Amino acid sequence: MTAMTEVKQPNFLMMKRVWIAIALPIVIFYFSGLKGLVQLAIVWVFASIMLLMFAYKKFRIKKWNAGTKDFFNNNNDGIWSHEFGPTWMKIDEHKGLIHLKEENKQKSYPFSAVKEWRYNLTTNMQRTGTQRELDRKNNFHESGFFITVDDIQHPEWRVMFFPTSGDFNSQEGSRNTEIQLKRWMQVFDNVINKN
């Protein structure tokens, strides 16, 4: 398993909805002139705002999709790493060390200090509206890859994961995240257990 996964960063100004929102008043002006543009102002302003809001939501999800960076023993260098947001884990197979970062804390441990690893993936795809948005945030904070180490001050570390395609609470995104987490379970089983 030697590969690197990285998703291309999105560009907000290159999104179709943004271009439609920009083109809408131009098209109205072209066909109706300034008088038509002013008369239809409420319609095109509302439509443009809605288009930009939906574009921003999609952009935000794509940006989070692109925030995941995985390196799986590229060039057989013995380095395995995952990074998303303020969390990061790096396994150095040759030195027998695991480096962990969560928020503002960072520490390295020998493989012998790693007690267990597990993952949790919580999603609620049934709800809609405001409740779904609250669930999404709560689910994201409960989910992740958890590493228990022999350290009194920091006994458990949480590494965040986000799908590389789809939204966290969508079926596609949930499955994508689950595959990522299972892949890292296998990496830990093969690398940490081997040593």
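In this predicted model, strand β3 and strand β4 (residues 87-92) run antiparallel and are joined by six bridges. Within this pairing, E83 has W88 of β4 as its bridge partner. The two strands form a hairpin with two residues between them, and G85 there takes a positive phi near 55 degrees.

Read from the N terminus, the order of elements is β-α-α-β-β-β-β-β-β-α-β-β-α. Of the contacts with a separation of 6 or more, 58% are between residues 24 or more positions apart. Buried residues make up 40% of the 195 residues. The chain exposes about 11700 Å², and carbon and sulfur atoms supply 58% of that area.

Strands β7, β8 and β9 form an open sheet in the order β7-β8-β9, with antiparallel pairing. Its edge strands are β7 (114-120) and β9 (156-159), each of which pairs on one side only. On average, neighbouring strands of the sheet are turned by 20 degrees against each other, direction ignored. Helix α4 (residues 171-191) packs on this sheet and touches β7 and β8; the direction of α4 makes about 165 degrees with that of β7. Between β8 (residues 144-149) and β9 there are four bridges in the antiparallel sense.

Where do aromatic rings come together? The count comes to 10 aromatic pairs. One of them is the pair of Y30 and F31, which is edge-to-face, with 5.1 Å centre to centre and 85 degrees between the planes. Y30 is exposed, with a relative accessible area of 67%, and F31 counts as exposed because its relative accessibility of 65% is over the 50% cut-off.

The rings of F145 and F188 have centres 5.0 Å apart and planes at 55 degrees, so this pair is tilted. Because F145 lies in strand β8 and F188 in helix α4, the pair ties together parts that are 43 residues apart in sequence. Both F145 and F188 are buried, whereas Y30 is exposed. F145 and F188 also belong to a cluster, in which ring pairs link them with W117 and F161.

Rings also take part in arrangements with charged side chains. R118 lies over the face of F146, at 4.5 Å from the ring centre. The charged end of K105 sits over the ring of W157, 4.8 Å from its centre.

Notes:
Residues are numbered from 1 along each chain as its sequence is written. This is a predicted model: local features need pLDDT of at least 70, side-chain atom pairs count only at pLDDT 80 or more; totals for chains, interfaces and linings use all residues. Side-chain values use heavy atoms; hydrogens and water are left out. Two strands pair if DSSP finds at least two bridges between them. Axes are lines fitted to C-alpha atoms, for helices over the stretch in contact, and angles run from 0 to 180 degrees between N-to-C directions. Contact means heavy atoms within 4.5 Å. Buried means under 20% relative accessible area, exposed over 50%, partly exposed in between (1.4 Å probe, protein chains only). Accessible areas come from the Shrake-Rupley method with a 1.4 Å probe; for residues, only the protein chains shown count as cover. Rings of Phe, Tyr and Trp (its six-membered ring) pair if their centres lie within 6.5 Å; planes under 30 degrees apart count as stacked, over 60 as edge-to-face and the rest as tilted. A charge sits over a ring if NZ of Lys or CZ of Arg is within 6 Å of the ring centre and within 35 degrees of the ring normal.
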